[in-house]
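Please find below a short note on the model under review.

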Amino acid sequence: TLVVSVLTLGLSFGLSDVVKNYVAGLLILFKSPFEIGDIVTIRTFTGKIEKIEFQAVTIRTFDQKQITIQNSDLLTQPIVNYSKTGQARIEITFELGYGSDIKRAFLIFDRILQGYPLTLKEPKYSILIKSLSHNCVNVLLRFWVQKPCNVIKIKSDITIMVQDAFDEDRLL
């Protein structure tokens, strides 16, 4: 009887995690904080939801790593779901050297953001001085685009347009 009780006790402790994951899986299915195909950040992992099962959720990161997170862990972690809204805010920081004509730079940023076809008119974009460092002024551009979109390409396009405009204006 001692052996049976030890085995029963060990089995109950071992199954407690399985039961926790199944209960958490049911809660996730009913709460539905995400769906298959959504882009999410859970813990430090950002990627696309590939599978939602009773015990675990599988995420495929953008560098093609497959991450499996137990459902019981999901209930205690913040989940950022980028797919729930139809818009995304993009931020780009530019460094302007001291002595640059910041007002003229702001006009160039404004012209580029107004003319870029993927920039949404509402919510309106913003151009802000983010901080001063020992050798430059950090300017932050914040603007909204419609999803789905290629955020990296949009950042690249805007950066090239800014560089070309600054070269033409001899601002840098």
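**Note on the predicted model**

1. The protein has four helices and eight strands, where helices (H or I, at least four residues) and strands (E, at least two) are DSSP runs numbered from the N terminus. From the N terminus on, the order of elements is α-β-β-β-β-α-β-β-α-β-β-α.

2. The model is predicted: local features need pLDDT of at least 70, side-chain atom pairs count only at pLDDT 80 or more, and totals for chains, interfaces and linings use all residues. Residues are numbered from 1 along each chain as its sequence is written, and side-chain values use heavy atoms, with hydrogens and water left out.

3. Of the 172 residues, 30% count as buried (under 20% relative accessible area, 1.4 Å probe, protein chains only). The accessible surface (Shrake-Rupley method, 1.4 Å probe) is about 11,100 Å², and carbon and sulfur atoms account for 60% of it.

4. Among contacts (heavy atoms within 4.5 Å) between residues at least 6 apart in sequence, 59% join residues at least 24 apart.

5. Helix 3 (residues 102–115) packs against helix 4 (residues 151–169) at an angle of about 135 degrees, with the axes 10 Å apart. The axes are lines fitted to C-alpha atoms over the stretch in contact, and angles run from 0 to 180 degrees between N-to-C directions.

Key: Buried < 20%, exposed > 50% of the residue type's maximum accessible area, 1.4 Å probe, protein only.
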